[in-house]
Amino acid sequence: MEQFNLANNPWLASWNNLTSSADWEVFKSDFVKKFQHLMQLSQEGNLPELRDRRFRDAAWAENPQLHLLAHLYVLSSETVEKMTAKFDLPKRMQERLQFSVDQWLAAIAPSNFFSFNAEALKAFQDTSGESLQKGMQNWMDDLRKGRMTQTDETAFEVGVDLAVTEGSVVFENKFFQLIQYQAKLEQVFETPMLLVPPCINKFYVMDLQKDESLVQYLVEQGHNTYLISWRNPLSSDDDGISEATWDDYIEHGILKAMEVVQAISGQPQLNVTAFCVGGTMTATAISVLKARGIDIVKSLTLLTTFLDFSETGVLDVFIDESMVLRNELKLGKGGLASADMLNSTFSWLRPNELVWNYVVSRYFKGEAPAAFNILYWNADSTNLPGPFYAWYLRNTYLENNLAKPDHAVVCGEKINFGRIDIPSFVYASIADHIVPWDSGFASAKLISGPVRFVLGASGHIAGVINPPHKNRRNYWVNENTPDELNRAQSAGDWLAEATEKPGSWWPAWAEWLAQQGGRKIRARKTMGSRQYPVIEPAPGRYVKVKAIS
């Protein structure tokens, strides 16, 4: 019998190398020293407060045994993280190992167990058990809904509290409704603005409450603004939407919206702003137009968008050939990628903030969820047509075909982002876990026209939705080459040369957009046109369709 060869198994080989190395002895020695120090501090009653938000409440310090347990958990977690980083595995395997370890460490935190959670036990004692009774009721309510409640969903209503910028639906087909917004100024820029949100979520993340609305901000800056409100397909729909493809969404979605904006505004060109997957789709649509010799887009703004999917961060651990093939077999000819599945995937990317936090607050402590508009929007997810979703997974995350010049064919045309030779504003968020900012930077390099790259603080959503009046956060710009991205430069080198600015990046964007807007013309008071009359008031019907009850 052939002897088992450890080298044939990279996991075991890496573990063997680690446990045979000098690092292993250092890990053990360091852990024992810190463990002994914690035990001494505990006996003396001098354990310091923990910075970890899960253990910051005073109840932990008031409970010596659980306070020590929390310290030991933090020490053990830090040690395991250091060990994991020392595994010498191929890149993809190392990333999967890191993700699995992170998930495991998040799950076994003592705060996630009622008997070991000092806050929950104190609440139980203070309320004579009522907190746990309420928590069990919250848990039963969520079981009936089939999902975890993260915010007070009675506090908001689309069209009443959210998506309230005044406007009208002026076109609809089975893919989208087009909203035209009412001008607030006497004069507006002649070049209209089309907003393309991601079809994986509802559009109103761009039109939250009045003081947090990117749509309202654009209107107030004098832009003649239109927006695509994507349809939320349901399993009960019988008009073929569940068989829709990526090509359909480009041809009958974005390109059709551009055509209608042209017709209503009477202008030969338009500016386009696109967010996340909407940006990937929009760049694809512009590339199709360029291949057809059509030049109707004057400028492009991309917000936290992948064009180059070479480095996709934590999402990469989910996606491989077998996963993509399963989705193609299941959904490639029809069906829906469910909102439940998509929402759950994104929640588990940040388990402490979007899962375990609510287990503790809602189920252990019986707390009612706070009203938070972004979390309400996050829970209001959408289904996606199966063929669209399957094509997207293979040609972006798995094979990165859209980034390869003239490789992918969409709507009968070879896609080449290098044909996008128009002025572009590319925004990325430094703490984005969905579109890592250096991937946003790499994506900007694929555009051949002049690019202004701006890096903002915070994450995928909060970094983008950062209205100026709140005077929050900061952003970075490279003032040496503000409108001509150095494509030979690395993301790290760009940041090293960049200048940090306080507050929102929106005013810098508004200044850039003003240069693309053309001359000022008198704003029209009426919505739509004879060819495209008003159908209904904004935000329209499509955005109100619920995929998750």
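**A cysteine and its surroundings**

Author: C199 has a relative accessibility of 2%, so C199 counts as buried. Buried means under 20% relative accessible area, exposed means over 50%, and partly exposed is in between, using a 1.4 Å probe and protein chains only. The model is predicted, so local features need pLDDT of at least 70 and side-chain atom pairs count only at pLDDT 80 or more, while totals for chains, interfaces and linings use all residues. Residues are numbered from 1 along each chain as its sequence is written, and side-chain values use heavy atoms, with hydrogens and water left out.

What is the closest cysteine sulfur to that of C199? It belongs to C276, and at 9.3 Å it is too far for a bond. C411 is in no disulfide either, since the nearest cysteine sulfur, that of C199, is 14 Å away. C411 is also buried, with a relative accessible area of 14%. The structure as a whole has 0 disulfides, a disulfide being a pair of cysteine sulfur atoms within 2.5 Å.

On a 1 Å grid over the protein atoms alone, a cavity is a set of points where a 1.4 Å probe fits but cannot get out; a pocket is an open set with protein on both sides within 12 Å along at least five of seven lines; lining residues have an atom within 4 Å of a point. The volume of the largest cavity is about 50 Å³. Grid points are joined across faces, edges and corners, and a volume is the space filled by probe spheres set on the points. The lining of this cavity is made of 4 nonpolar, 3 polar and 2 charged residues. Here Ala, Val, Leu, Ile, Met, Phe, Trp, Tyr, Cys and Pro count as nonpolar, Asp, Glu, Lys and Arg as charged, and the others, Gly among them, as polar.

A search of the whole structure finds 2 cavities of 30 Å³ or more. The second largest cavity holds about 40 Å³ of space. Its lining residues are E49, L50, F55, R56, D57, A58, W60, A61 and H67, divided into 5 nonpolar, 1 polar and 3 charged. Helix α3 (residues 58-61) supplies the largest share, 3 residues. Helices (H or I, at least four residues) and strands (E, at least two) are DSSP runs, numbered from the N terminus.

The open space comes next. The second largest pocket has about 320 Å³ of space. It is lined by 16 residues, and R147, M148, S344, S347 and W348 lie nearest its centre. The elements that give two or more residues to this lining are α12 (339-347) and α13 (351-364), and the largest share, 4 residues, comes from α12. By type, the lining of this pocket has 7 nonpolar, 6 polar and 3 charged residues.

The sheet is another feature to trace. It is open and mixed in pairing, with 11 strands in the order β15-β14-β13-β12-β7-β6-β4-β5-β2-β1-β17. Its edge strands, β15 (499-502) and β17 (536-537), each pair on one side only. Two strands pair if DSSP finds at least two bridges between them. Strand β14 (residues 474-477) joins β15 through 4 bridges in the antiparallel sense, with W476 opposite E500 of β15.

Strand β1 pairs with β2 (residues 176-181) in the antiparallel sense over 5 bridges, and the two form a hairpin with 3 residues between them. S168 has Q180 in β2 as its bridge partner. Strand β1 also runs antiparallel to β17, joined by 2 bridges, and V169 stands opposite E536 in β17. In the segment after β17 is P539, and the peptide bond from A538 to P539 is cis, with omega near 10°.
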